[in-house]
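This report describes one protein chain from its computed geometry. Please read it beside the sequence and the coordinates.

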Amino acid sequence: MARDKKRSKKVYNCLEPPCIHVVVDERKGIFKVFVEDYDLIIPIPIEEISRACRSLEEELGHASREAYGDEVDYLARKYLDARPKEG
């Protein structure tokens, strides 16, 4: 009796946007990282992911902590000249 070798298709649900998805097609040997924010699906180059991870590793070694609340708005305005989207 032959076994069905098909794998079930992975479902990517984003219950609390924004979400980060690593989408893989094993048959073709390809993947892509996407950021999902409600109706937006944004592909992110792996070089940007690697750069961000290196920066995060450096910061985790310091006494820094993740910003919350008004601190997020402060950082976005001061360093990115932007206003973060309300979630």
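## Basis of the values

The model is predicted, so local features need pLDDT of at least 70 and side-chain atom pairs count only at pLDDT 80 or more, while totals for chains, interfaces and linings use all residues. Residues are numbered from 1 along each chain as its sequence is written, and side-chain values use heavy atoms, with hydrogens and water left out.

## Overall layout

The protein has two helices and three strands, taken as DSSP runs numbered from the N terminus (helices H or I, at least four residues; strands E, at least two). Along the sequence the pattern reads β-β-β-α-α. Helix α1 covers residues 46–60, and helix α2 covers residues 70–80.

Of the 87 residues, 10% count as buried. Buried means under 20% relative accessible area, exposed means over 50%, and partly exposed lies in between (1.4 Å probe, protein chains only). The protein exposes about 8,500 Å², of which carbon and sulfur atoms supply 55%; the areas come from the Shrake-Rupley method with a 1.4 Å probe, and for residues only the protein chains shown count as cover. Among contacts between residues at least 6 apart in sequence, 5% join residues at least 24 apart, a contact being heavy atoms within 4.5 Å.

## The sheet

Three strands form an open sheet in the order β1-β2-β3, with antiparallel pairing. Strands β1 (19–25) and β3 (40–44) are at the edges with a single partner strand each, so one side of each has no neighbour in the sheet. From one strand to the next, the twist averages 35 degrees; axes are lines fitted to C-alpha atoms, for helices over the stretch in contact, and angles run from 0 to 180 degrees between N-to-C directions. Strands of a sheet pair through backbone hydrogen bonds, either parallel or antiparallel.

Two strands are taken as paired if DSSP finds at least two bridges between them. The antiparallel pair β1 and β2 has seven bridges, and Val24 stands opposite Phe31 in β2. Strand β2 (residues 30–37) pairs with β3 over five bridges, also in the antiparallel sense. On that side, Val33 stands opposite Ile44 in β3, and Glu36 has Ile41 as its bridge partner.

## Salt bridges

A salt bridge is counted when a side-chain nitrogen of Lys or Arg is within 4 Å of a carboxyl oxygen of Asp or Glu. By this rule there are three salt bridges.

In helix α1, Glu48 and Arg51 are three residues apart, about one turn of the helix. Their closest N and O atoms are 2.8 Å apart. Glu48 is partly exposed at 35% relative accessible area, and Arg51 is partly exposed at 44%. In helix α2, Arg77 and Asp73 are four residues apart, again about one turn, and their side chains meet at 2.8 Å, N to O. Arg77 is partly exposed at 45%, as is Asp73 at 24%. The remaining salt bridge joins Arg65 and Glu71 at 2.5 Å, N to O. Arg65 is exposed at 59%, whereas Glu71 is partly exposed at 31%.

## Nonpolar surface patch

Val22, Val24, Phe31 and Ile46 form a nonpolar patch on the surface, with about 360 Å² of accessible area together. Patches are made of residues with over 30% relative accessible area and no salt bridge; like charges are joined within 9 Å, and nonpolar side chains (Val, Leu, Ile, Met, Phe, Trp, Tyr) within 5 Å. Ile46, found in helix α1, is partly exposed at 37% relative accessibility.

## Backbone exceptions

Most residues other than glycine have a negative phi, and most peptide bonds are trans. Tyr38, in the loop between β2 and β3, has a positive phi near 55 degrees. The hairpin of β2 and β3 has two residues between the strands, and Tyr38 is partly exposed at 47%. In the hairpin of β1 and β2, with four residues between the strands, Gly29 takes a positive phi near 70 degrees.

Asp81 is another residue other than glycine with a positive phi, here about 50 degrees. Asp81 lies in the segment after α2 and is exposed at 73%. A cis peptide bond joins Pro17 and Pro18, with omega about 5 degrees; Pro18 belongs to the segment before β1.
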